[in-house]
Amino acid sequence: MDTAQALVMLMQGWGIIGALVAAVFLVIGIDRIDEDAQGAYIFRPLLIPGVLLIWPLVLWRWWQIESDAAAWAARYRPVRASYGPAVVLMSLGIIVIVIAGLSVRQSWPDEIAPVQLSAGADQ
């Protein structure tokens, strides 16, 4: 199995798990954690792409709210403590990707002479 197949399988697994979480959360969970969402069924399909992508965060917040681990005032406040380290890691990641891309760049084969493949239209 090469890297591309492994990445495709990883993304397929992520999507399948995300679809299952989205189905359960949008049918059962959203009514339990948000009183304003009760009976509002039209907007729920709009949430599917987001839940597919961030399903671990959705499950974590759902568990936190259901188990009363989160204080009521902090219920809708995002987790901002991780923003600083995330910005630093993403910035370093971009720098590493650019350096790796420049270092692995292919060079032109200098020993091969150019060959004209066909004669021009005016000859």
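In helix 1, the buried residues are Gly18, Val21, Ala22, Phe25, Leu26, Gly29, Ile30, Asp31 and Ile33. Buried means under 20% relative accessible area, exposed over 50%, and partly exposed in between, with a 1.4 Å probe and protein chains only. Helices (H or I, at least four residues) and strands (E, at least two) are DSSP runs, numbered from the N terminus. An α-helix has 3.6 residues a turn, so residues three or four places apart point the same way.

This is a predicted model: local features need pLDDT of at least 70, side-chain atom pairs count only at pLDDT 80 or more, and totals for chains, interfaces and linings use all residues. Residues are numbered from 1 along each chain as its sequence is written, and side-chain values use heavy atoms, with hydrogens and water left out.

What covers the buried residues of helix 1? The cover includes helix 2 and helix 3 (55-66).

Take helix 2 (residues 44-53) first. Its axis and that of helix 1 (residues 3-33) come within 8 Å and cross at roughly 135 degrees. Axes are lines fitted to C-alpha atoms, for helices over the stretch in contact, and angles run from 0 to 180 degrees between N-to-C directions. Angles under 35 degrees count as roughly parallel, over 145 as roughly antiparallel, 65 to 115 as roughly perpendicular, and the rest as oblique. On the helix 1 side, the contact (heavy atoms within 4.5 Å) includes Trp14, Ala22, Phe25 and Ile30. Helix 2 brings Arg44, Leu47, Ile48, Val51, Leu52 and Leu53. By class, this contact has 13 nonpolar, 2 polar and 2 charged residues. Ala, Val, Leu, Ile, Met, Phe, Trp, Tyr, Cys and Pro count as nonpolar, Asp, Glu, Lys and Arg as charged, and the others, Gly among them, as polar.

Now helix 3. Helix 1 and helix 3 pack at about 30 degrees, with axes 9 Å apart. That angle makes helix 1 roughly parallel to helix 3. Residues of helix 1 that meet helix 3 include Trp14, Gly18, Val21, Phe25 and Ile33. Among their partners in helix 3 are Trp55, Leu59, Trp62 and Ile65. The contact divides into 12 nonpolar, 2 polar and 2 charged residues.

Finally, the whole chain. The protein chain has 4 helices and 0 strands. Buried residues make up 16% of its 123 residues.
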